[in-house]
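Please look over the structure shown below. A short report on a few of its features follows.

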Amino acid sequence: MGLWVRVRGLALAGLVLGGVIVGSGVAFLVTADSAVAQTASAIIVEGNRRVESDTIRSYFRVGPGERLDALKVDAGVKALYATGLFADVRPTFQGNRLFITVVENAVISRVQFEGNKRVKDEQLNQEIQSKPRGALSRPTVQSDVQRIVEIYRRNGRYDIRVEPKIIDRPNNRVDLVFEINEGGKTTVKDIEFVGNRAYSTWRLRDLIKTGKSNLLSFLKNNDLYDPDRIESDRELLRRFYLKNGYADVRIVSAVAEFDPSRNGFILTFTIEEGDRYVFGPVDIQSGVRDIDPAALRGKLRFSAGSVYNAEALEKSVEEMTIEVSKRGYAFAQVRPRGDRNFETHTISIVFVIEEGARAYIERINVRGNTRTRDYVIRREFDIAEGDAYNRVLVDRAERRLKNLNYFKTVKITNEPGSSSDRIILNVEVEEQSTGEFSIAGGYSTADGFVAEVSVGERNLLGRGQTGRVAVTYGQRSRGVELSFGEPYFLDYRLAFGIDLFAKQIDSSSSFVYRQETIGGGFRIGIPLREDLAIQLRYSAYRQKIDLDQMLRNCNNVNPNFGLDPSSPATYPTSTALNTTAATTPPPGYAGLSNCYADGEASAAVKQQVDAGAAIVSLVGYSLIYNTVDNNRNPTKGVLAELRQDFAGVGGDVNFIRTIGDVRMYYELIADIVSVLHLQGGYVTGWGDKDLRMLDHFQMGPNLVRGFQTAGLGPRDLTPGTTGDALGGTMYWGASLEAQSPIFGVPKDIGLKLAVFADAGAVWGYKGPRVFPVTGTSVTTVDAVTGKDTDAMTVRTSVGAGLIWDSPFGPIRIDYAFPLTKDPNDRVQQLRFSGGTKF
């Protein structure tokens, strides 16, 4: 039933000529003459059951000396309808009395949803305005239908049908039921780009969040048509072009057309790229006293001749603004001015520093944070209430809030304050899920099959803290990890974390011993710049290794036979290990076989086992430089890390270890990315303690692919032993790799082909070589070839790999062919690693 109020007439110079009030299809005409000629001495209300009569009369009262004309009656009727309490309102004049006959809306007893499987009742109840114990309003119900439809459309279901049903109950009460037919998912079947010349369609598809349907879409869930996500994709494309020299780029449109034959959308982005520019001359001009432009040049993130980069320009403005503010000029503004040269395709930049308008932040309002605490949001601002207003710092806070990944949307707007020099900031956020529960499984040639169950939270209790518990159980390894992180330790921008761990690794073809490690530590991360950070840490752990008895049953009484457990014989020491096979067992060893027949561990390993558990206590730091454009799938930039650890702050072990690692990414041509990986390390003991075998570098495919874990470097070649890896104190490695999508395979699947060449070496075993107590020793020299595995021998390999950035997690298969190697190295040409989370 529709409810309409129509006012028909003509007003000239304030004169009302006529009015018609229509309710529930019945019209009552009040002429201007009759309405003006009468004044209601009484207003009679009829039909009301819940709403007080005085409340209804209040909508029609007039002031002293005023007359109740048709215009005032019409306004009162409209106001009553606006309350949502009435289905019908009929005014009638009888003499000097005005009769208001009303039909009250029914009261909603229950609101129910039927047919909804993809969206829970709780979410729908939060969105609709019709509530139990509230009045039934048909316009509100229709509005609720549209809200439900929008919820489903945001989830990619455009075939949604919602029909409201009203079930009458006694005492003017009703049940409101929304019958929902969810329909099927409406997905994006294809994504096309028009006008892109510099970058391929494959490359641009990789930038945006929306993906097209494929066999794995049910896992990635990014192929659903979502207008909000598409609008975000437009901004991602625009910023990508601006970052790569295209200053005039325009993302003209993003049009989604439904294709009935494919039952999905065809998404088309139209792009006007424009020409590519480089930076021309860069100048800084200061209109502020005591600000020397030359002192600000160190804040520039680009130089003349480099490719135009809007992001670098923004960060330069940001850094200079902060520096000027630190020097006491809080209202100073840094404005970049660009001058294009269309012939040379250069943009000259002039930074103008001038005093800005004096404005202060009166208040910062935070809205929409239903879970996250206010202070977690406010601490991302470098300015506070009462400080000088600075738009650059506000933009920086907005970017930081988005990077927290706590919110679906973040928007900061301002409004005038209580005076002309006051500004109110409004921070609007929309919360999103930050908890993670995952069951992961994988396989690697080093660890075998591995399963992991983990529970994590990025915004613990809304305080911005992180927490994670993970339990791992595998074919050769088991462990548990607990971690906690506080990004603002002691209210400073210091990332503090605590880690506890326990891990057990079984013997394998790479290591004959079992290893058990239990410990923990804490860390503090300090950002020096947006691309540079330092981390300080302390760790302490208990480390122990063990061997099977058959790998340690040779002794120096007669090294060719094991000890009879029933014999109480003791072992006199000797100065050398005799490995000559004996033909007659000595007394007490009758029936025992040659002890080397079932293998014997290196004397260095046995010495480590005999030493028992050791406590390692160390302090260290990491210096991290990161300019890559995408942490998960980088195409350009540098990621470098320098690590140093100093062991000996208590504990049983003394060493100093230094590791350097640099990865450089560069896009050779569209979609083909080169990766140069350089690494090196050095470890040495100090004080009166020898460097343990366990503290040496054990290198394998992490240095040169094509070799087994701990498959290259110094090795104990004592005759009769298992040839255990000893490790080295020094190593270096270099790798060059090219990655490219596979032609003909949709890029959304995430498959890449890689070809690589590796080179590296590890050498310099500094552990004990002679063990007087047991009369044993180790040798790294091959008795047959005379080659020393402890020499700085360069190993090289070439190969190809398949990289899959799958919904299950990263999976990689490499096949490498060693070109140069030592005869005693252990080769493993095929290597597989991967995992899954669901």
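## Two loop residues

Where is D491 found? D491 sits in the loop between strand 23 and strand 24 (495-505). The model is predicted. In this model, D491 has a positive phi of about 65°, although it is not a glycine. Most residues other than glycine have a negative phi. Is D491 buried or exposed? Its relative accessibility is 74%, so D491 counts as exposed, the cut-off being over 50%.

N263 is another loop residue with a positive phi. The phi of N263 is near 55°, and N263 is not a glycine. Its loop runs between strand 12 (250-259) and strand 13 (264-272). With 49% relative accessibility, N263 counts as partly exposed.

## A buried glycine

Strand 23 covers residues 477-486 and includes G479. This glycine has a relative accessible area of 18%. Buried means under 20%, so G479 is buried.

Which residues does G479 touch? Leaving aside residues up to four places away in sequence, G479 touches A470, V471, T472, A502 and K503. Take K503 from that list. G479 and K503 are 24 residues apart in sequence. In space, their C-alpha atoms are 4.1 Å apart.

Strands of a sheet pair through backbone hydrogen bonds, either parallel or antiparallel.

How many bridges join strand 14 to strand 16? There are seven, and the two strands run parallel. Strand 16 spans residues 346-355. Within strand 16, V350 stands opposite D283.

## Cavities

Rolling a probe the size of a water molecule over the atoms shows where empty space is left. The structure holds two cavities of 30 Å³ or more.

Which residues line the second largest cavity? They are P701, R705, G706, F707, D814, Y815, A816, Q828, Q829 and R831. By class, this lining has four nonpolar, three polar and three charged residues. Strand 36 (residues 809-820) gives the most to the lining, with three residues.

Key. Residues numbered from 1 in each chain as written. Predicted model: local features only at pLDDT ≥ 70, side-chain atom pairs only at ≥ 80, totals over all residues. Heavy atoms only, no water. Pairing = 2+ DSSP bridges. Helix = DSSP H or I, 4+ residues; strand = E, 2+ residues; numbered from the N terminus. 1 Å grid on protein atoms, 1.4 Å probe; cavity = no way out; pocket = protein on both sides within 12 Å on 5 of 7 lines; lining within 4 Å. Points joined across faces, edges and corners; volume = space filled by probe spheres on them. Nonpolar A, V, L, I, M, F, W, Y, C, P; charged D, E, K, R; others polar. Buried < 20%, exposed > 50% of the residue type's maximum accessible area, 1.4 Å probe, protein only. Contact = heavy atoms within 4.5 Å.
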